[in-house]
Amino acid sequence: MASVDLVFSLPYKSGNPVALVFGDDGGLPGVPDAHLVVFARMPGLRGRVAAHVGKGMAASARMPGLRSASTIRYNTNTPRPMVARVQSVAQQAAAVETGWAAGWQNSAKLPVGWTTGAQDARPLRSHTAMAWQEAQHRGRAVDAVYQQAQRSAAPAQRMRWQEGARARMALQAHAEDAMRTRASLAVRFEETLRDRRALVRVDARRAMGLHIGLCSGAGPALPLHLAQRVRYQKARRPPAGRSALTPPRPPDPEHCYRQHVGGPIELVLCKPWAPAADLLFACCKADGTPARFVIPVLPVYMQIHHLTAHLLPGMEPVALTDVVIAADDDSYCWSLSAQGPEHLLDQLAPAGALPQRLQIGIDGISFVFAVTGLARSRTFERRSVAVQGISVTAMLGAPYMPRQTWLAEAPATAQQLALAALEFTGVGLDWQIADWLLPAGAWSFQGTPLQAVLRLAESVNAVVRSHRTAEQLVVAPRYAHLPWEWGTAVPDVQMPAAVIVTDELRPDPRAEYNAVYVAGGSVGGVLGHVVRAGSGRDRLAPQIQDDLITHADAARMRGGWALAASGNKLQHTIGMPVLTGGTNPGILNPGQLLEVADTGGTWRGLVRGVSVSASMPRVRQQLVVERTAA
């Protein structure tokens with residue numbers, strides 16, 4: 001039955017009782033009476049009369065009344081809703097899964113015990129009563145693990161938790177060092193079985209504490225959470241009003257130092273020793289995430305190097321020497337320079353107006369290059385060919401790709417515009433920075449697909465790199481972690497200073513800023529004020545303007561990386577071997593965060609450039625690392 005809305009014409013009346021009168025029409029016309037009309041067909045009057053003479057006659061008869069059975073249903077069209085609810089004080093409650101938290105649990109056994117708060121005592125000739133555990137009898141005296149005493153006449157044998165025979169001479173304790181008893185034994189636990197021998201009573205007086213420890217049965221422990229499932233719980237009447245839910249208490253942060261129960265605290269110092277009396281205690285605990293690559297400290301670093309070169313796709317061997325492979329953040333690709341015999345002019349000649357592809361392998365680390373230059377040189381009887389190459393992503397630029405025109409007629413993100421520029425080229429895109437939306441008409445560019453991707457990355461000061469082997473462009477942040485966050489970030493490579501062969505450190509002075517304004521163009525541009533958190537915002541850098549700054553994320557990236565590049569820097573050039581296998585990094589990549597445990601302290605820096613030289617059997621890599629000056 002459908003519900004019926006009850007509309008009350010009188011205002012709400014407070015107090016009890018309240019008289020509710022249903023059926024008062026308030027003077028409206030009543031419901032008219034309904035008439036019931038029944039039609040029935042009666043049977044005719046029938047009878048038999050015998051008459052011999054024709055004569056008119058009249059007959060009268062009494063017929064029974066009309067009888068019928070009918071059912072009448074009267075529908076008032078009024079629902080009978082529930083008018084009241086009775087709430088029980090203790091109603092049926094849902095089962096709740098909860099647990100009882102025990103105040104104590106069995107703790108681990110510790111080699112510490114009771115220490116009596118006593119003072120100096122007079123040595124007694126009687127033995128000290130101890131509660132020991134029954135064990136196998138030995139034929140010689142026992143030297144307790146936690147007791148120092150005078151040697152006995154018989155040769156002693158060091159045993160643990162065994163009962164020794166009686167010594168022939170009595171030993172007396174002097175002050176804190178107690179004498180060795182012939183029936184007592186230092187035990188590690190408190191609850192033990194008493195020996196069947198009679199105990200010796202001591203006339204105890206003021207004495208010094210013994211260094212024999214007993215483990216307490218109820219010491220500091222962690223609560224043990226035991227879950228118990230019950231079907232019912234005690235219910236209560238809900239209070240009036242809205243219940244306020246108390247948020248759970250967050251767990252306490254982990255302390256810098258971990259204290260063992262009843263034991264000492266290990267202090268781990270994160271700075272080397274210095275001849276000074278100033279001690280600064282700080283929490284130098286890391287988040288526990290290990291670095292991806294770690295070069296261990298070894299007395300000698302040995303590596304057998306391998307250099308291979310093949311022509312793709314047939315994997316035809318190519319004879320190359322003096323191979324140099326390099327990349328940095330100012331270039332979008334890896335570069336190759338090598339030397340070879342004279343026949344490389346024909347072997348590496350372009351095929352079908354396209355450069356040949358060359359695969360170089362150094363200790364199992366592969367690179368794929370497009371051969372872009374060949375030069376023959378002759379010196380007396382020696383002839384050689386110089387080979388130049390770059391990553392295959394260079395095929396996206398001139399002179400291999402024509403200039404095109406792009407115009408965004410609909411809103412699109414920067415990543416979508418980059419993918420549109422690389423469409424039908426066979427080159428993939430790895431977008432590693434935040435994406436932002438450009439409105440219709442904000443993007444208009446003319447050039448090659450490679451130049452289009454470089455323009456989009458340049459708008460936020462990102463870097464474009466090439467994959468070592470695949471046909472893929474990588475748009476990466478210029479600073480994956482800002483320099484003031486290097487101390488808390490997880491480094492990509494950890495290595496000791498012992499692995500460094502040569503290094504050069506030179507200062508790179510720069511102006512320091514802590515705030516900058518970044519402005520966009522006339523089509524959907526925004527104005528952002530980027531500041532360094534926690535700074536005074538008093539050193540304002542020159543304003544940066546780019547037409548593609550159309551979102552706050554783009555302004556934040558451009559301004560944040562501009563502030564990160566400010567301030568005094570150190571350019572550190574490091575020469576080190578190429579180590580592979582295990583946790584060794586092999587050839588490092590630009591953009592990796594490097595941590596070096598140097599002789600003067602541990603420092604961190606960002607790898608900006610890598611150059612690998614392979615003159616067999618020697619292989620070295622040279623890193624250009626950007627550091628912050630103190």
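This is a predicted model: local features need pLDDT of at least 70, side-chain atom pairs count only at pLDDT 80 or more; totals for chains, interfaces and linings use all residues.
**Entry 1. Aromatic pairs**

I began with ring contacts. A pair of aromatic rings is described by the distance of the centres and the angle of the planes. I counted rings as paired if their centres lie within 6.5 Å, and by this rule the count comes to four aromatic pairs. In one of them, Trp 431 and Trp 436, the centres are 6.5 Å apart and the planes meet at 45°, so I logged this pair as tilted. I then looked up the accessibility of both residues: Trp 431 is buried, and Trp 436 is buried as well.

Trp 443 and Phe 445 also form a pair, with 5.6 Å from centre to centre and 15° between the planes. Trp 443 and Phe 445 are both buried.

I also noted a cluster: Trp 334, Phe 367 and Phe 369 belong to one aromatic cluster.

**Entry 2. Charges over rings**

Which rings have the charged end of an arginine over them? I found Tyr 479 under the charged end of Arg 608, at 4.6 Å from the ring centre. I found Trp 603 under the charged end of Arg 627, at 4.0 Å from the ring centre.

**Entry 3. Three-stranded sheet**

Next I traced an open sheet of three strands, whose order is β21-β20-β22 and whose pairing is mixed. Strands of a sheet pair through backbone hydrogen bonds, either parallel or antiparallel. β21 (527–531) and β22 (544–545) are the edge strands; each has a single partner strand, so one side of each lacks a neighbour in the sheet.

I took the two pairings in turn. β20 and β21 run antiparallel and are joined by five bridges. Within this pairing, Val 516 has Val 530 in β21 as its bridge partner. β20 (residues 515–519) and β22 run parallel and are joined by two bridges. Here Val 518 stands opposite Ile 544 of β22.

Is β20 enclosed or open to the outside? I found four of its five residues buried, so β20 is largely enclosed by the rest of the structure.

**Entry 4. Pairings of β24**

I looked up the partners of β24 (residues 593–598). With β18 (residues 493–496), β24 pairs in the parallel sense over four bridges. Gln 494 is placed opposite Glu 595 of β24.

With β25 (residues 601–615), β24 pairs in the antiparallel sense over six bridges. One bridge I checked has Leu 593 partnered with Leu 606 in β25. How many residues lie between β24 and β25 in their hairpin? I counted two.

**Entry 5. Nonpolar surface patch**

Val 4, Leu 6, Phe 8, Val 18 and Leu 20 make a nonpolar surface patch of about 480 Å². I picked out Val 18, which lies in the segment before β1 (97–102). Val 18 has a relative accessible area of 39%, so I listed it as partly exposed.

Last, I went through the backbone angles. Most residues other than glycine have a negative phi, and most peptide bonds are trans. I listed the following exceptions.

Which peptide bonds did I log as cis? One runs from Leu 312 to Pro 313, with omega near 5°. Pro 313 lies in the loop between β4 (307–312) and β5 (316–317). Another joins Ala 398 and Pro 399, with omega about 5°. Pro 399 lies in the loop between β10 (382–391) and β11 (404–407).

I also noted positive phi values. Phe 424 is not a glycine, yet its phi is positive, near 70°. Phe 424 lies in the loop between α2 (414–421) and β13 (428–431). Is Phe 424 buried or exposed? At 78% relative accessibility, Phe 424 counts as exposed, because the cut-off is over 50%.

Asn 461 likewise has a positive phi, about 65°, although it is not a glycine. I located Asn 461 in the loop between α3 (449–459) and β16 (463–466). Its relative accessibility is 24%, so Asn 461 counts as partly exposed.

Key
Residues are numbered from 1 along each chain as its sequence is written. Side-chain values use heavy atoms; hydrogens and water are left out. Rings of Phe, Tyr and Trp (its six-membered ring) pair if their centres lie within 6.5 Å; planes under 30 degrees apart count as stacked, over 60 as edge-to-face and the rest as tilted. Buried means under 20% relative accessible area, exposed over 50%, partly exposed in between (1.4 Å probe, protein chains only). A charge sits over a ring if NZ of Lys or CZ of Arg is within 6 Å of the ring centre and within 35 degrees of the ring normal. Patches are made of residues with over 30% relative accessible area and no salt bridge: like charges are joined within 9 Å, nonpolar side chains (Val, Leu, Ile, Met, Phe, Trp, Tyr) within 5 Å. Accessible areas come from the Shrake-Rupley method with a 1.4 Å probe; for residues, only the protein chains shown count as cover. A salt bridge is a side-chain nitrogen of Lys or Arg within 4 Å of a carboxyl oxygen of Asp or Glu. Two strands pair if DSSP finds at least two bridges between them.
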